[in-house]
Amino acid sequence: MTYRFETERLILRRLEMSDATRVQQFAGAVEIAANTLTMPHPYEDGVAQIFIENVRERWDKGSDFVFCIALKSDNLLMGVIGVHPDMGNHRAEIGYWLGVPFWNKGYVTEAARRIVQFGFEDLRLNRIHAAYFARNPASARIMQKVGMTYEGLMRQHYIRFGEFQDTGFYSILRSEWDAQNRTPDA
Amino acid sequence: MILETERLLLRPLEMNDAPRLTALFSQYDVLRMIGNVPYPYHEEHAREFITRTQENWATETSFAFAIVLKAENALIGCIELHQVIQYQRAELGYWVGIPYWGKGYMTEAARRMLRFGFDERKLNRIYASHFGQNPASGRVMQKIGMTYEATLRQHVVRMEEYVDMVYYGILKSEWQA
């Protein structure tokens, strides 16, 4: 499928092998590694290429969709946002990271809004959820801004860099998304 | 491995448990509260399940026990601790046959499983989940000292309906042997 979306400032598109250098550069930051569950750290040479290959293969199979987040002005990768469906349960988890130089500009919120729309409109999901480590409330604020509801905290659910991580959950249901996006006259 | 409580024995499942397990587990009111199992449920499903529990014991991924009522020397349900070593945690799952509901057997078995998980398996966290329409299962979690943690809304499709998943957990630091 050729999913490619534009928002006010962003392009959300398929990852290309030419994005590899920037994936390694930004995903390699310790700030990113600490707030994600499985990001390799240090981020060795060659890992970005394997990541992009896997992502493209899964996209072709339709098993999940990991998008590059780029500015319209230069089309260069700043981060990624992925939708991981469980079609049997009509739901998906979204996950994201953004390179440190691009933080605090609302880019992930802008991207996540479009990805939630993709999940409900194109994938016909019933539920979209996201998880974050409690020590990273900035990620939770993105979930709030896209209209998700807090569902709870699983205490010490994961271990990252040798420390137990409380893990919080947010979600939005199709019925809630429909209500939020209904135009007054529709 | 046999664990004992006041009224119960917990022991690994054996292939000759299949007919009894099927008879109790295949009841609609039991099955509809459990995720990810076939419905209708036949004896071949029970045999596959028992084989899988034996494999999981061998690889130490999951520890399933038959719950045996000592007074009747009969299987009345199952309880399973599925561990994720990497995160020092496990998920507890259980069911008991309808004739044995309301007698505290589940709570008695689950308490013993916490001890197994924390003392013998050296876990840091044990959690459990139940469907929103099955608060009785949540009461077992409360009685064994677990704390409510989350409700994942409409998280699964079961019997063609969206159902909420309610999560409880207990940490080793909170647990009283």
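## Overall build

Of the 186 residues in chain A, 52% count as buried. Keep in mind that this is a predicted model. A compact globule of 186 residues would have a radius of gyration near 16 Å, and chain A agrees, because its own value is 16 Å. Along the principal axes, the C-alpha atoms of chain A fill a box of roughly 55 × 40 × 35 Å.

## Fold and contacts

Chain A carries six helices and eight strands. Going along the sequence, they come in the order β-β-α-α-α-β-β-β-α-β-α-β-β-α. Take the contacts in chain A between residues at least 6 apart in sequence: 61% of them join residues at least 24 apart.

## A look at helix 5

Helix 5 of chain A covers residues 137–145, and its buried residues are A:Ser139, A:Ala140, A:Ile142 and A:Met143. Looking down the axis of helix 5 in chain A, you'd find these buried residues within an arc of 150°, so they line one face of the helix.

What do the buried residues of helix 5 of chain A pack against? Their partners in chain A are strand 5 (91–98), helix 4 (107–121), strand 6 (127–133) and strand 8 (163–173). Just past the end of helix 5 in chain A sits A:Gly147, with a positive phi of about 95°.

## Surface and charge

The accessible surface of chain A is about 8,800 Å², and carbon and sulfur atoms account for 50% of that. As for charge, chain A has 22 positive and 23 negative ones, and their mean positions lie 3 Å apart.

Note on methods. Residues are numbered from 1 along each chain as its sequence is written. Chains are lettered from A and ligands numbered from 1 in the order in which they are written. This is a predicted model: local features need pLDDT of at least 70, side-chain atom pairs count only at pLDDT 80 or more; totals for chains, interfaces and linings use all residues. Side-chain values use heavy atoms; hydrogens and water are left out. Buried means under 20% relative accessible area, exposed over 50%, partly exposed in between (1.4 Å probe, protein chains only). Helices (H or I, at least four residues) and strands (E, at least two) are DSSP runs, numbered from the N terminus. The arc is that of the directions from the helix axis to the C-beta atoms. Contact means heavy atoms within 4.5 Å. The radius of gyration is taken over C-alpha atoms; the globule rule is 2.2 Å times the number of residues to the power 0.38. Accessible areas come from the Shrake-Rupley method with a 1.4 Å probe; for residues, only the protein chains shown count as cover. Lys and Arg count as positive and Asp and Glu as negative; His and the chain ends are not counted. The place of a charge is taken as NZ of Lys, CZ of Arg, CG of Asp or CD of Glu.
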